[in-house]
Amino acid sequence: MRAVDGSAPVVKVQDVHKAFGALKVLNGVSFQVRRGEVVAVIGRSGSGKSTMLRSVNRLEKIDSGLIEVCGHRVSGSELDLNRLRRDVGIVFQSFNLFPHLSVRENVALGPRVARRLGRTETGRITEEVLSKVNLLEKADAYPEQLSGGQQQRVAIARSLAMEPQVMLFDEVTSSLDPYLTGEVLAVMEQLAKGGMTMLVVTHEMAFARKVADTVIFMHEGRVWEQGTAGMLDDPGTVELRQFIGKSDS
């Protein structure tokens with residue numbers, strides 16, 4: 001079992017609202033994530049999941065409410081974005097690797113440029129995180145020589161190289177076939193077992209059931225239902241029951 005710190009939350013989202021013009025996307029979202037916890041966020045397209053996740057890393061600016069992550073007041077005007085991005089890694093559906101750089105160079109870029117580490121320390125971290133995602137043997141390959149699953153694992157390694165306190169994952173397997181999806185989910189499961197705090201937007205119900213300490217079901221821009229993974233087998237609302245029925249079919 002993972003050790004989940006029951007003290008002050010490392011992520012706090014409180015009464016968050018966000019609209020794009022007349023479209024209300026987040027409508028009073030509140031939840032917390034404890035250190036060492038894995039939280040899976042599920043819901044239909046358009047329920048606000050990705051906007052919420054991007055707001056945690058200040059890729060979207062909220063209209064009102066409070067977001068605090070790793071001691072940073074994300075919703076505040078005095079936020080140091082560079083320090084936030086060092087503490088909070090994010091991996092997207094698209095891999096966003098630099099095609100002209102090798103795997104090793106893609107991963108080393110953050111420690112070398114953003115963290116200003118020396119060659120020896122950068123090399124150590126790069127090898128360590130590539131080992132974690134089982135890609136050390138591909139260190140000198142280029143993105144075009146890799147499968148989609150391998151490219152996504154490089155993207156995960158690149159975020160891990162910043163040694164974040166929290167990792168955010170936004171539908172990272174949605175563009176992959178089932179076999180490659182399994183590769184990526186296995187890496188994420190190992191990260192969870194290693195104690196990484198993770199907030200995961202996903203449509204992979206099996207992953208949520210197996211790995212998540214907490215599942216959040218978002219609907220119409222709200223946290224509609226929240227609980228342990230057991231709630232997926234015994235939904236408390238009609239909306240979650242309908243969503244699970246469609247997802248598992």
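Is Ile156 buried or exposed?

Ile156 is buried, with a relative accessible area of 0%; buried here means under 20% relative accessible area, exposed over 50%, and partly exposed in between (1.4 Å probe, protein chains only). This is a predicted model, where local features need pLDDT of at least 70 and side-chain atom pairs count only at pLDDT 80 or more, while totals for chains, interfaces and linings use all residues. Residues are numbered from 1 along each chain as its sequence is written, and side-chain values use heavy atoms, with hydrogens and water left out.

Ile156 sits in helix H5. Helices (H or I, at least four residues) and strands (E, at least two) are DSSP runs, numbered from the N terminus. If you skip the neighbours within four places in sequence, Ile156 is in contact with Val91, Val133, Met167, Phe169, Val184, Val187, Met188 and Leu191, contact being heavy atoms within 4.5 Å. Ile156 and Ile90 are 66 residues apart in sequence, yet 8.2 Å apart in space, C-alpha to C-alpha.

## Helix H5

H5 covers residues 148–160, and its 13 residues should span 18 Å at 1.5 Å a residue; the end C-alpha atoms are 18 Å apart, which agrees. The expected span is 1.5 Å times one less than the number of residues.

The helix is mostly covered, with 12 of its 13 residues buried. Among them are Gly148, Arg153, Val154, Ala155 and Leu160. The cover includes strand E6 (88–91), helix H3 (103–114), helix H4 (119–132), strand E7 (166–170) and helix H6 (178–193).

E7 and strand E8 (residues 197–201) pair in the parallel sense over 5 bridges, and Leu168 stands opposite Leu199 in E8.

## Pocket and cavity

The largest pocket holds about 640 Å³ of space. On a 1 Å grid over the protein atoms alone, a pocket is an open set of points with protein on both sides within 12 Å along at least five of seven lines, a cavity is a set where a 1.4 Å probe fits but cannot get out, and lining residues have an atom within 4 Å of a point. Grid points are joined across faces, edges and corners, and a volume is the space filled by probe spheres set on the points. Of the 27 residues lining the largest pocket, Arg85, Gly110, Arg158, Ser159 and Met162 lie nearest its centre. H3 gives the largest share of that lining, 7 residues.

There is also 1 cavity of 30 Å³ or more, and the largest cavity has about 40 Å³ of space. Its lining includes Phe169 and Met188, both of which are in contact with Ile156.

Methods
Pairing = 2+ DSSP bridges.
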